[in-house]
Amino acid sequence: MKKSSKRNAAERILKKIEKSVTAFHVCANLREELLQNGFTELREAESWDLRKPGGYFVMRNGSSLIAFFLSGKNAAGYRVFACHSDSPSLRLKEAPEIGQEGYIRLNVEKYGGLLCAPWFDRPLSVAGRVVIEEEGKLSSRLVNIERDLLLIPSLAIHMNREANEGYKYSAQKDMLPVFGDAEDKGKLSAIIAEALGVKNGEILGDDLFLYVRQAPSFWGAREQYISSPRLDDQECVWCGLEGLLASKNDAFTRVLTVFDNEEVGSSTKQGAAGTFFADVLDRIEEAQGRSAEQRQIAIANSIMISADNAHAVHPAHVDKADLVNRPHMNGGIVLKFSANQKYTTDGVSAGVVRKICRDHRIPLQVFVNHSDVAGGSTLGNISGTQVSMITADIGLAQLAMHSPYETAGTDDVEHMIRFSKAFFESKEII
Ligand code: CO
């Protein structure tokens, strides 16, 4: 049987998510794909030559990336598709090996608002960025120990008969994975050094995270569901990239922004609350020889789509959803509203999204929190405090958000690719 284009799209995106185990790996893999597609890499610490029309990209901290496509004509403004590279995880602390009762466990702390339970009883490993000295200079290298290395064992029910009555997880006590026994003291840094091909002791700094080893899967009666680590927000990242690469638009500069640290509030140099996006826009505008006023006009003509996954209605917890606005997996793009502006969508930006979906026959549904549920937030409103433009919040419907193994709809991947392409090609000025 020939595979549908929707199935193919989901397989493509899941392959990319599987190998992008940390925000650093997301950006490294984006970089590789952008280079393959003829984009030019820029560095923040160097002068930029943007005279040639075409694609460019720049990274900050190795964990955030902004790609843009200059048409070569005097662009009226920007079409910005914004998403995030990070996912909730457990981060290794300094000197992480802790010996106790003949075991060695690794000391970790929570990164972001993770669901703790699903981290137990499944193989885990370690990945991230390390800093070493090479030829007298500090350099960053990525590392991923690509084998089942760690596991956080549950306590047997015989030792906690109330385990199924609800459990309060202590990050410091419960979440430390087992790495080995007394013989393995000092082996973690040796394993990491060996994976990098450097001497043990040459690592001067690191940002290392745990990740779940389980591979993505298609499941359900018609395999209409996908499950994978890091669907939030890499589904939007990789769909946005496909949309950017497939799009054409001479009237607007198309921009894909992928920010780190959304899961911890975005207030970092590489987060949406930092200056990264504004700094890149300044340099694009300056390269085009535009005045400060012309920059303001361009931003006023611009639209941002903040793309971050949304909650599908849960079959066992329908009471947590709004009375009417309940997204379903495979139901298409989710447009998100919030009266307190956790989501940026308003009547104007809703109109932009609805028109794109209507014109391109992309299914659209709406998410609003149950009025008694606080709900989450994302990066659209935060980015807006740095560069303010008309913004809508969208996402794809998923279950188990912030589990290390999340679930979404197979067909929705293609919906998001088509949406992002149509958005990048849109030419309206509001
Ligand atoms: Co998210």
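Predicted model: local features only at pLDDT ≥ 70, side-chain atom pairs only at ≥ 80, totals over all residues.

Asp359 has a relative accessible area of 42% and is partly exposed. Lys355 likewise counts as partly exposed, at 33% relative accessibility.

A further group of charged residues forms a network: Lys3, Arg7, Glu11 and Glu223 are joined by salt bridges that share partners.

Side chains of opposite charge can pair when their charged atoms come close. One such case is the salt bridge between Glu242 and Lys16, at 3.8 Å from N to O. This pair links distant parts of the chain, since Glu242 lies in helix α5 (residues 231-246) and Lys16 in helix α1 (residues 5-19), 226 residues apart. Are these two residues buried or exposed? Both Glu242 and Lys16 are buried.

Another salt bridge is formed by Arg60 and Asp279, whose closest N and O atoms are 2.9 Å apart. Arg60 is in strand β2 (residues 54-60) and Asp279 is in helix α6 (residues 276-287), so the pair ties together parts that are 219 residues apart in sequence. Arg60 is buried because its relative accessible area is 11%, under the 20% limit for a buried residue. Asp279, at 27% relative accessibility, counts as partly exposed.

## Charges in the whole structure

How many salt bridges does a search of the whole structure find? The search finds 23 salt bridges. The protein has 50 positive and 56 negative side chains. The centres of these two sets lie 5 Å apart.

## Overall form and surface

The protein has 10 helices and 19 strands. Its C-alpha trace spans about 65 × 60 × 50 Å along the principal axes. The radius of gyration is 22 Å, which agrees with the value near 22 Å for a compact globule of 430 residues.

Buried residues make up 53% of the 430 residues. The protein exposes about 19600 Å², and carbon and sulfur atoms supply 50% of that area. Among contacts between residues at least 6 apart in sequence, 78% join residues at least 24 apart.

Definitions and conventions. Residues numbered from 1 in each chain as written. Heavy atoms only, no water. Helix = DSSP H or I, 4+ residues; strand = E, 2+ residues; numbered from the N terminus. Rg over C-alpha atoms; globule rule 2.2 N^0.38 Å. Buried < 20%, exposed > 50% of the residue type's maximum accessible area, 1.4 Å probe, protein only. Contact = heavy atoms within 4.5 Å. Areas by Shrake-Rupley, 256 points an atom, 1.4 Å probe, with all protein chains shown as cover. Lys, Arg positive; Asp, Glu negative; His and termini not counted. Charge placed at Lys NZ, Arg CZ, Asp CG, Glu CD. Salt bridge = Lys/Arg side-chain N within 4 Å of Asp/Glu carboxyl O.
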